[in-house]
Amino acid sequence: MKTSPESIALVLVASFLGSFGMVGLKAGAERAEIRLSSLLRNWRLAVGVALFLLSSVFFVLAIRRGELTVLYPMVSLGYVWTLIWSRLFFGEPITRAKIGAVGLILLGVVLVAAGGR
C-alpha cells in the first residue's frame, strides 16, 4: 500500500491540532484546581482535550489510506509545533539543545518517509 498525499496532509493537520491541544492543556493546568467541579469549568482545559480528540479523528482518517510506518512518525512533528507555541504563548526559552532535538526529529521523519517509497 502506498501512502497517499491526502493521508500525509491529514497527519500534518493532526499534529498541528494536537500541538494546540497541548497548549490548551498547559494553559488549563496553570489555572486548574484538583476538584472535578473546577476541572469541568476550565474552558482552556476543555479546548485542549477537544483539540486532542479532533487531531485523533484526522489521524484515523489518514491511516485508512496510508502506511502506518510512514504516517505515525509524522505525528512527532507535533513536538516541533509545540516548541514554537511554547515560546509564543508561554515565553519558554528555545535552547540550542531543543533546536538540535527538533532537527533530529525532522531528519527522522524525512528518513522514514523516504524509506516508504
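Reply: A pocket is here an open set of grid points with protein on both sides within 12 Å along at least five of seven lines, and a volume is the space filled by probe spheres set on the points. The model under discussion is predicted. In the largest pocket there is about 390 Å³ of space. Its lining is made up of 16 residues. Those that lie nearest the centre of the largest pocket are Ser15, Gly18, Phe52, Val75 and Gly78.

Four helices each supply at least two residues of this lining: H1 (5–30), H3 (43–63), H4 (68–74) and H5. Among the contributors, H1 gives the most, with 5 residues. Sorted by class, the lining of the largest pocket holds 8 nonpolar and 8 polar residues, and no charged ones.

Helix H5, one of the helices that line the largest pocket, also packs against another helix. Two packed helices are described by the angle between their axes and the distance between the axes. The axes of H5 (residues 77–90) and H6 (residues 96–115) come within 9 Å and cross at roughly 150°. Angles over 145 degrees count as roughly antiparallel, and H5 and H6 are therefore roughly antiparallel to each other. The crossing in which H5 passes H6 is left-handed. On the H5 side, Leu77, Tyr79, Val80 and Leu83 make the contact, and they meet Lys98, Val102, Ile105, Leu106 and Val109 of H6. The residues of this contact comprise 8 nonpolar, no polar and 1 charged.

Conventions. Residues are numbered from 1 along each chain as its sequence is written. This is a predicted model: local features need pLDDT of at least 70, side-chain atom pairs count only at pLDDT 80 or more; totals for chains, interfaces and linings use all residues. Side-chain values use heavy atoms; hydrogens and water are left out. Axes are lines fitted to C-alpha atoms, for helices over the stretch in contact, and angles run from 0 to 180 degrees between N-to-C directions. Angles under 35 degrees count as roughly parallel, over 145 as roughly antiparallel, 65 to 115 as roughly perpendicular and the rest as oblique. A crossing is left-handed if the near helix is turned anticlockwise from the far one by less than a right angle, and right-handed if clockwise. Contact means heavy atoms within 4.5 Å. Ala, Val, Leu, Ile, Met, Phe, Trp, Tyr, Cys and Pro count as nonpolar, Asp, Glu, Lys and Arg as charged, and the others, Gly among them, as polar. On a 1 Å grid over the protein atoms alone, a cavity is a set of points where a 1.4 Å probe fits but cannot get out, and a pocket is an open set with protein on both sides within 12 Å along at least five of seven lines; lining residues have an atom within 4 Å of a point.
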